[in-house]
Amino acid sequence: MSQNTCCQIWADTQKELDVMLQREREEFQEPQEDPEEAMKMLATAYVQYLAILRKLDEAHAPLIHQQKRAAVRQALDGVMGRILEIKGEMVALEKCECHSMAAVLKELQRVPEDIEIPIPKYFIQENLGILQYREKYLHEILLNAGLIEQEVVTAMTLEEAIRVIQVAERARQGRARAAFMRRIYLEEKRQSRTQEQQTKSPDEAATCIQKVWRGHRQRKETERLREEEMIFLGMSLPPELEVMISLQKTNVLEGEFQERADYSFVHELRAAEGPHIKETFQEEITQCFLECRHVTGRFPDYPLEKAGGSKAIIVEKHPEEIVEELAAKKAQAEAQKNEKDKKKKEAKEPAPEKKPEVEKPVVDEGWKMAPSNFLSMLEEGSSQYQVFWENRDNKADFLQDHDPELIRAGERGEVVEEIRVQVDVVMQEKLLRVKEAVDGETGPGQVKAVKEKVSKAAVKKKVSELEKDLTPGRSIDSLYQQLAEERLLIQVKNVNLSDYMGSQTVHENAPLVKSLLLAGPAGVGKKMLVHAICTEAGANLFSLTPSNTVNYSGKEGLIMLLHMILKVGKELQPSVVWIGDTERIYSKGATKGEDEVNFKRLARLLPQFLRTLKPKDRVLLVGTTRRPFDANVGPFCKLYQKIILISKPDYLTRFALWKHYILQGGGTLTKLLNLNCLAHMSDGYTQGHVVEVVHAVLTELRLLQMARKPLRTIEFVTSLARHDPVYNEEEAAFQAWYGKTPLGKAWLAEHATDEEGKGKRKKRKGKGKGKGKGKGKGKK
């Protein structure tokens, strides 16, 4: 994609974003009495913001211009944050993670694929080199520890080596002979042309043109047939794959150029403008000191660095304004003192009897949008776009890689701050000498007193055991290696969220919170989703199980384990801490074995682990469970901020699953293979069952027989019958457990209230109809 196309997409998307911001100012500020209307408004904004996010990501990925990438990135991050806020409002309004978007999609003329959340490409692209190095390093650690097997490389025999050399030599001789014959052909052609210098008739010229054209057409046809033959033999790639490879090479080159496009003018600004900035600072600080001495009679103390240094004293005010401010503060203090004295006199006098106040009825204004943390970012980005980029002409900039003036303007602040710190050191020493010579003061005086007060007033904050550095003498690499060798840090399978075919709820919610629980029957894809989160975010994957926590027995051992995971996870973030079968930590029954007892001790440490995480830490705790009803609901739900129940797939999902995995396994769809029948017959089975059945049927031998023996429905049904489905009792147990979670309770309570309201309205209507009938009979 060209740079002009990227800029055009950005411009069009920015207009759509401005329309959305204007709509939010008009609609979202007013309270909505009707919950259905509020939900429709939120769902519409959610779908539209997703479309904007997709377009911004499309414009940002190939963009090379440094300042433009920063501007698009700001809008991209703001839109992502706003989507999360709207999603949170939708969950709070409906008390449910799953929302019906069919009516909104139909009104906006969109397809279901439009509510798929796109993963921004810069998540992986910006740290691709680090991720590849980390993956290679982890592979080497596991290989040296003997935890994975190295691919066996068989050596060539002598006969095979001789055959390879013979093939290469014959190919070399063939190329040399072809080059020799070409030289002979060109020489003969040159001689024949010199002999045909005589003038030709029009008929001979036409014949010559026809001969050249026919030869050209025949050569093109021969090249086409040769390419088809090479593709058929597997010695060449189809044109589609060649285009994809060329696009990948282009993306790699763009990424390399984006990495190289790190322009800096700090040294230039420091050399050109540094002396003038330094001189200006010294003059302003000196003038401020003289004005303060003229007003107060003494030189002021130099502010501490924590208070901003010279920033705190450089003000654009005259001495008269300072005197007026001091007088205003004194008058305000006297007014407050008089008001306190008045209140004391009123308290001594007996208070008159007060009449009982009548309680005012509380008026429910309805739903109102909560304040946003991202609208200000989006509005700021929109205003910057209008000022800097909307009317900018980039025709003269052929490379379109950076804007020197904007870079200088951004880096000028860094240079000013750097010079200000240097000037503060010089001026502080100068002030001490002047005070000693003029006022007779020695030492910083008040500065020391202020420091003593601050140190005495400092409150000792209790530090958590996990926040203490329990491994002060160890590097991150050594901790990383230890966690990998003990199978606490595992390799991530290359799975994308788009590969998971199932509940749309998981797509929308999986990577959004700090602690997440995925619950559902075996085979619905919980483990696959954990690996997909790590793949999409480029995260490390730590795994906690009873077997790999044996070496860390007791409370102190588990604290050391969680500390190591926190230290490595924060340093190499993003990171995911995965607890499989997490219900075993909070199980109701008695534990069996020392491993289980030690594993259950995590129940008291994991809340402390989550409290240690700060907002800037990109660490996600993910638990998966297939028997959540075996755990105590209270502490289980307190640990995980978001709980997602993944149910078995519905009919449309099962139909898509069968089609996808049969084609992926090398099968072909014919009239003898009824996907509708398979989708109906597999009701109650999970995604894992479908995958196992397809792999069992599409063996290597069966694929070879498929040309003369097409696939039949009965083959898959027979294999499917060997598996046990998810029975209704198990599904009812999951639904009953989910009803005990906080969100499930809220949903049940809200729907119970709605049912009561509907029942009362029906009773009122019934009474009204009964009265009408009675009156009619009386009249008759």
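Colleague: Which residues of α22 meet residues of α24?

Modeller: In α22 they are Leu657, Trp658, Tyr661 and Ile662, and in α24 they are Gln687, Val690, Val691, Val693 and Val694. By class, this contact holds 8 nonpolar residues, 1 polar and no charged. Ala, Val, Leu, Ile, Met, Phe, Trp, Tyr, Cys and Pro count as nonpolar, Asp, Glu, Lys and Arg as charged, and the others, Gly among them, as polar. Contact means heavy atoms within 4.5 Å. This is a predicted model, in which local features need pLDDT of at least 70, side-chain atom pairs count only at pLDDT 80 or more, and totals for chains, interfaces and linings use all residues. Residues are numbered from 1 along each chain as its sequence is written, and side-chain values use heavy atoms, without hydrogens and water.

Colleague: Why is the crossing of α22 and α24 called right-handed?

Modeller: The axes of α22 (residues 651-664) and α24 (residues 687-697) come within 10 Å and cross at roughly 35 degrees. Axes are lines fitted to C-alpha atoms, for helices over the stretch in contact, with angles from 0 to 180 degrees between N-to-C directions. A crossing is right-handed if the near helix is turned clockwise from the far one by less than a right angle, and left-handed if anticlockwise. The crossing of α22 and α24 is therefore of the clockwise kind.

Colleague: Which hand has the crossing of α1 and α3?

Modeller: The crossing of α1 and α3 is left-handed. Helix α1 (residues 3-28) and helix α3 (residues 66-94) have axes that come within 12 Å and cross at roughly 40 degrees. Cys7, Trp10, Leu17, Glu24 and Phe28 of α1 meet Lys68, Ala71, Val72, Ala75, Val79 and Arg82 of α3. The residues of that contact comprise 8 nonpolar, no polar and 3 charged.

Colleague: Why is Arg23 called buried?

Modeller: Arg23, in helix α1, has a relative accessible area of 17%. Buried means under 20%, exposed over 50%, and partly exposed in between (1.4 Å probe, protein chains only), so Arg23 falls in the buried class. Beyond its neighbours within four places in sequence, Arg23 is in contact with Phe28, Met41, Thr44, Ala45 and Gln48.

Colleague: Why is strand β2 said to be largely enclosed?

Modeller: β2 (residues 515-519) is largely enclosed by the rest of the structure because 5 of its 5 residues are buried. In a regular strand the side chains alternate between the two faces of the sheet. Here Ser515, Leu517 and Ala519 on one side, and Leu516 and Leu518 on the other, are all buried. Helices (H or I, at least four residues) and strands (E, at least two) are DSSP runs, numbered from the N terminus.

Colleague: How do you know that β2 and β5 pair?

Modeller: Two strands pair if DSSP finds at least two bridges between them. β2 and β5 (residues 619-625) have 5 bridges, in the parallel sense, so they qualify. Leu516 stands opposite Val622, and the partner of Leu517 in β5 is Gly623. β2 is also joined to β6 (residues 642-645) by 4 bridges, again parallel, with Leu516 opposite Lys642. Helix α27 (residues 728-738) lies across β2 and β6, at about 160 degrees to β6.

Colleague: What is the order of the strands in the open sheet?

Modeller: The order of the 6 strands is β1-β3-β4-β5-β2-β6, with mixed pairing.
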